[in-house]
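Subject: Handing over a structure

Hello,

The structure I am passing on to you is shown below. Please have it open while you read the notes that follow.

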Amino acid sequence: MCKTDKRKKILAAAVELFSKRGFHQARMDEIAERAGVAKGTLYYNFSSKSKLFSATVTEGIDEIIGKIRDQLDADMPFADHFRKLIECNVALYLQHSDLARIVFNEVTSGIDDEILEDIQTARARYIDCVAEQLEDGRRSGHIKAVNLRLAAVAIVGMLDNLCNQHLRNPASVSRDEMVALLYDLLSSGLAQ
């Protein structure tokens, strides 16, 4: 197994365990065991649990941002582009629900300030990615003159709550219902 594959396995195991147990309860030896690597290999890649947590969050968010950008086509009409943005975010949230649980809900007390700053910066990149998509709509005359970063924060908050509802009780709301509701609420509130 190459170094990159080991790192990916470690990060996948870390996402799962941090999501289930939280930062403070997840143990490095348990993460190594789940990843199928020696504890020394884990510490070779990540010198502390805080650094592993930071990499789990920051690299995970960067991967999701890349997927969002890859799936959106700037040439499509804005209404289609906006709906695709919502669909893409819902799908990625549900697909990466363990990571989403960490990013949006993990209590980070007791983590080094430097690591907290890395995590906050990664969260901000995700919000900025959504705001950039809204900016495209504003330039084309489809989005009102509002604070787009604040609108992106609101969108992400609604997305988080709806997806959490679905994950806790899948029968309560379908993925398509979530997309339709978010699109209707946001397009009626933002569209001119």
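The lining of the second largest cavity consists of seven nonpolar residues, one polar and no charged. (Nonpolar covers Ala, Val, Leu, Ile, Met, Phe, Trp, Tyr, Cys and Pro; charged covers Asp, Glu, Lys and Arg; the others, Gly among them, are polar.) A cavity here is a set of points on a 1 Å grid over the protein atoms alone where a 1.4 Å probe fits but cannot get out; a pocket is an open set with protein on both sides within 12 Å along at least five of seven lines, and lining residues have an atom within 4 Å of a point.

This is a predicted model, in which local features need pLDDT of at least 70 and side-chain atom pairs count only at pLDDT 80 or more, while totals for chains, interfaces and linings use all residues. Residues are numbered from 1 along each chain as its sequence is written, and side-chain values use heavy atoms, with hydrogens and water left out.

The chain as a whole

The protein chain has nine helices and zero strands. (Helices are DSSP runs of H or I with at least four residues, strands are runs of E with at least two, and numbering starts at the N terminus.) For 192 residues, a compact globule would have a radius of gyration near 16 Å, and the 18 Å of the protein chain agrees with that. (The radius is taken over C-alpha atoms, and the globule rule is 2.2 Å times the number of residues to the power 0.38.) Along the principal axes, the C-alpha atoms fill a box of roughly 55 × 35 × 35 Å.

Of the 192 residues, 45% are buried. (Buried is under 20% relative accessible area, exposed is over 50%, and partly exposed is in between, with a 1.4 Å probe and protein chains only.) Among contacts with a separation of 6 or more, 68% join residues 24 or more positions apart. (A contact is a pair of heavy atoms within 4.5 Å.)

Cavities

Two cavities of 30 Å³ or more are present in the structure. (Grid points are joined across faces, edges and corners, and a volume is the space filled by probe spheres set on the points.) The second largest cavity, described by class above, has a volume of about 60 Å³. Its lining is made up of Leu85, Ile86, Asn89, Val130, Ile155, Leu159, Leu182 and Leu186.

The largest cavity has a volume of about 120 Å³. Ile61, Ile64, Asn89, Leu92, Tyr93, Leu99, Ala100, Val103, Phe104 and Tyr126 form its lining. Helix H4 (49–71), helix H5 (78–95) and helix H6 (97–105) each bring at least two residues; H6 gives the most, with four. By class, this lining has nine nonpolar residues, one polar and no charged.

The largest pocket

About 320 Å³ of space lies in the largest pocket. It is lined by 17 residues, of which Leu11, Val15, Glu59, Gly60 and Glu63 are the closest to its centre. Helix H1 (3–25), H4 and H6 each supply at least two residues of the lining. The lining holds six nonpolar, six polar and five charged residues.

After H2 comes Gly36, with a positive phi near 75°.

Gln133 is part of helix H7 (residues 113–139). Gln133 is buried, because its relative accessible area is 9%. Beyond residues up to four places away in sequence, Gln133 touches Leu72, Phe78, His81 and Leu85.

Ala79 belongs to helix H5. Ala79 counts as partly exposed because its relative accessibility is 39%.

Val173 sits in the loop between H8 and H9. At 13% relative accessibility, Val173 counts as buried. Leaving aside neighbours within four places in sequence, Val173 is in contact with Leu162, Gln165, His166 and Met178. Val173 and Cys163 are ten residues apart in sequence, with 9.0 Å between their C-alpha atoms.

Regards
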